[in-house]
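Here's a quick briefing to read alongside the model. Have the structure open and follow along.

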Amino acid sequence: DSKATVSVLNWRGRQGTHHRRMAAATGFRRVGANLAARNLIQPLFMHDAAHNEPIKSMPGMERLGVESLVAEAKRARDAGVYGVALFPRVRDELKTETGVEAWNADGLVPRVVRRLKEEVPGIKVITDVALDPYSSVGQDGIVKDGKVENDLTVDALVKQAVCHVEAGADIVAPSDMMDGRVGAIRAAIGDQAEIMSYAAKYASAFYGPFRDALDSAPMPGTDKKTYQMNPGNIKEALYEALLDVREGADYIMVKPGLPYLDVVAALAEQLPPSPSGQPHRLAVYHVSGEYAMLKAAVEAGYVEERAEVLKALKSFRRAGAEYILTYYATRAAEEYLVKEA
């Protein structure tokens with residue numbers, strides 16, 4: 001077809017379309033979302049013991065004893081990582097239906113927070129606010145007659161958040177998805193700490209390895225779909241995020257990460273400015289199942305680890321997330337980003 005031939009020739013003759021040549025230039029390839037250690041947050045699992053325990057479903061990750069956790073926090077700080085997020089594996093004998101251990105001032109989390117604030121200055125200490133590690137039924141809230149009671153749970157979460165703030169936590173992160181909990185926590189803690197809300201937390205099988213790490217899976221025959229989001233719904237995420245901003249959240253979290261880049265991008269576009277006029281800070285959690293899936297591919301020899309980790313982390317930044325919780329945070333800051341600079 002002569003018209004098609006002319007069209008192709010005209011297209012080839014256009015100036016300014018030499019993308020392959022431009023892409024080959026190192027400087028051009030570096031244009032894009034910036035990724036730095038300060039964008040990364042390292043989740044740390046811990047238990048009340050002197051030894052460390054490998055987590056089988058998360059190769060390379062361990063439940064850390066307190067001394068090891070302090071050392072890992074120092075390592076993260078020295079690498080330039082923004083913060084560490086603490087997740088406790090609570091002993092079975094301390095778990096109850098109401099999760100009262102969650103606000104024990106002498107419990108594992110407050111003790112570790114005090115150690116970190118004293119011995120590891122210069123890094124944000126972030127605590128998880130939810131009852132599932134402390135619950136004998138593995139739910140994020142208090143269960144009555146087979147249902148999670150929203151208001152009773154919010155009262156408990158406020159006690160937990162206050163306990164963490166009094167210990168010195170910089171950021172409390174309610175991950176429970178109860179209605180009204182951000183406003184209640186803000187009213188209780190005032191401006192003593194920041195709030196990172198898991199505003200867009202979708203129901204997902206990708207949480208499985210995390211629940212192994214904390215031994216916090218729901219009882220057989222139950223799930224968390226009554227308060228976690230439907231994976232097909234983006235409007236709910238936007239609605240919940242805006243509610244949490246109005247209630248006083250400083251950071252908004254999307255979880256899981258890679259399957260929800262569209263949600264991250266939508267929130268980056270639509271979140272209103274904070275009271276200071278700055279954008280609300282958007283975070284994303286590169287969750288345990290995503291980590292385990294990548295590790296399995298690496299161990300099978302299917303992919304090169306550094307390249308795929310950087311690709312995932314850059315995708316979060318490209319979508320608009322300022323902070324990324326990832327199990328690769330410290331390693332990426334120490335090794336991958338240094339080599340790329």
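Which residues in H10 meet which residues in H12? On the H10 side they are Leu261, Val264, Ala265 and Ala268, and on the H12 side Ser315, Phe316, Arg318 and Ala319. By class, that contact has six nonpolar residues, one polar and one charged. Keep in mind that this is a predicted model.

**How H10 and H12 pack**
- Two packed helices are described by the angle between their axes and the distance between those axes.
- For helix H10 (residues 261-270) and helix H12 (residues 305-319), the axes cross at roughly 35° and come within 8 Å.

**A look at H9**
- Helix H9 covers residues 235-247, and its end C-alpha atoms sit 19 Å apart.
- That agrees with expectation, because 13 residues at 1.5 Å a residue should span 18 Å.
- Its buried residues are Ala237, Leu238, Glu240, Ala241, Asp244 and Val245.
- The cover over those buried H9 residues includes helix H7 (181-189), strand S9 (194-201), strand S10 (251-255) and H10.

**The whole chain**
- Among contacts in the chain with a separation of 6 or more, 76% come from residues 24 or more positions apart.
- The chain exposes about 16100 Å², with carbon and sulfur atoms supplying 51% of that area.

Technical notes:
Residues numbered from 1 in each chain as written. Predicted model: local features only at pLDDT ≥ 70, side-chain atom pairs only at ≥ 80, totals over all residues. Heavy atoms only, no water. Axes fitted to C-alpha atoms, helices over the stretch in contact; angles between N-to-C directions. Helix = DSSP H or I, 4+ residues; strand = E, 2+ residues; numbered from the N terminus. Contact = heavy atoms within 4.5 Å. Nonpolar A, V, L, I, M, F, W, Y, C, P; charged D, E, K, R; others polar. Areas by Shrake-Rupley, 256 points an atom, 1.4 Å probe, with all protein chains shown as cover. Expected span 1.5 Å × (residues − 1). Buried < 20%, exposed > 50% of the residue type's maximum accessible area, 1.4 Å probe, protein only.
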